Amino acid sequence: MIRILIADDQALLRAGFRALLDAESDMEVVGEAGTGAEAVAQAARLVPDVVLMDIRMPGGDGLEATRRVLAAQPEGVRIIILTTFELDEYVTGAIRAGASGFLVKDTDPDELVRAVRAVHDGDAMLSPSVTRRLLERLAAERPSTPSAPPVDVAQLTEREREVVALVGQGLNNAEIGARLYITPLTAKTHVSRAMTKLGLRDRAQLVVLAYESGLVRPGWLS
C-alpha cells in the first residue's frame, strides 16, 4: 500500500482527495494536516510514503514544510506540491526544496492518482510545460559568468547522457524509449543508473542537473 498524508488548509479539499485516493486498491490516506507545522509533525509520526503538500498554508508554508519533512526523512518520503497557480517561483521553489512533483489543484482525478504512483516509484511529476517554465526560471537566475556544473556528468555513459537530456526536456520513460528506440523499461534503467551515479533522489532533481550541466537548454524545449 502507498501510505499518503494530505496537507491542505481546506477541509473540503482534503476530504475530496481522501475519498479519491482511498478508493484505489493500492493507496491509503493515513493522515491529514491543515497547517505547515501539522504537516511536519504528522509526517514524523505517520512516516507516509507520499505527501500531498499545499504550497500556501498557515503555520509555515508548503515549501518550508517540504524542506523540514525531507530533512527529517531524506530517503523515506516523496512530496507532491499542490497549488492553485502555476507560478514560476513556486515551481523552482518546490524543486529546490526537494519536491518530486508539482500539480495544480484542478488536475484531473486520474492525473492525481498517476502522480502519486509515479513519485512513489521514484519518478517526477513534471509536465513539459512545467519543465519549460522551470528551465526558463533557472536561466534567468543563472549568473552571467558560468560556473562549473554541480556534479561531473562525465561519469555517465553516452547513452545515459542522452537519456538525462531527454528527462530534462520533460519526456517520460515511454517517450524516451520511442525517441531512442529502446523499451520504456530500458529507459527507466538508464535514468535510475544516472541518478545513482549523480547522487540524485529523483527525476525532478535530474531536470535541474540536465540544465545546469549543459545537457539541455531552455530553447531546446518545443
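The structure is a predicted model, in which local features need pLDDT of at least 70, side-chain atom pairs count only at pLDDT 80 or more, and totals for chains, interfaces and linings use all residues. Residues are numbered from 1 along each chain as its sequence is written, and side-chain values use heavy atoms, with hydrogens and water left out.

The protein holds ten helices and five strands. Both are DSSP runs numbered from the N terminus: helices are H or I with at least four residues, and strands are E with at least two. Of the 222 residues, 52% count as buried. Buried means under 20% relative accessible area, exposed means over 50%, and partly exposed lies in between (1.4 Å probe, protein chains only). The accessible surface comes to about 10200 Å². Carbon and sulfur atoms account for 52% of that surface. These areas come from the Shrake-Rupley method with a 1.4 Å probe, and for residues only the protein chains shown count as cover. A contact requires heavy atoms within 4.5 Å. Among contacts between residues at least 6 apart in sequence, 67% join residues at least 24 apart.

Five strands form an open sheet in the order β2-β1-β3-β4-β5, with parallel pairing. The edges are β2 (27-33) and β5 (101-104), each of which pairs on one side only. Neighbouring strands of this sheet are turned by 25° against each other on average, direction ignored. Such angles run from 0 to 180 degrees between N-to-C directions, and the axes are lines fitted to C-alpha atoms, for helices over the stretch in contact. In general, strands of a sheet pair through backbone hydrogen bonds, either parallel or antiparallel. Here, two strands pair if DSSP finds at least two bridges between them. Strand β1 (residues 2-7) runs parallel to β2 and is joined to β2 by six bridges. Within this pair, isoleucine 6 has glutamate 32 of β2 as its bridge partner.

Helices lie against the sheet. Helix α5 (residues 109-120) packs on the sheet and touches β1, β2, β3, β4 and β5. Its direction makes about 125° with that of β3. Helix α1 (residues 11-22) lies across β1, β2, β3 (50-54) and β4 (78-83). Helix α1 runs at about 165° to β2.

Eleven salt bridges were found in a search of the whole structure. A salt bridge is a side-chain nitrogen of Lys or Arg within 4 Å of a carboxyl oxygen of Asp or Glu. Aspartate 8 and lysine 105 form one, at 2.9 Å from N to O. The two lie 97 residues apart: aspartate 8 in the loop between β1 and α1, lysine 105 in the loop between β5 and α5. Aspartate 8 counts as buried because its relative accessibility is 0%. Lysine 105 is also buried, at 18%.

A salt bridge also links arginine 117 and aspartate 26, whose closest N and O atoms are 2.8 Å apart. Arginine 117 sits in helix α5 and aspartate 26 in the loop between α1 and β2, 91 residues apart. Arginine 117 is partly exposed at 29% relative accessibility, and aspartate 26 is partly exposed at 25%.

Glutamate 64 and arginine 67 meet at 3.4 Å, N to O, in a salt bridge. Both lie in helix α3 (residues 62-72), three residues apart, about one turn of the helix. Glutamate 64 is partly exposed at 35%, and arginine 67 is partly exposed at 41%. Salt bridges that share partners also join Arg14, Arg18, Asp22 and Glu32 into one network.
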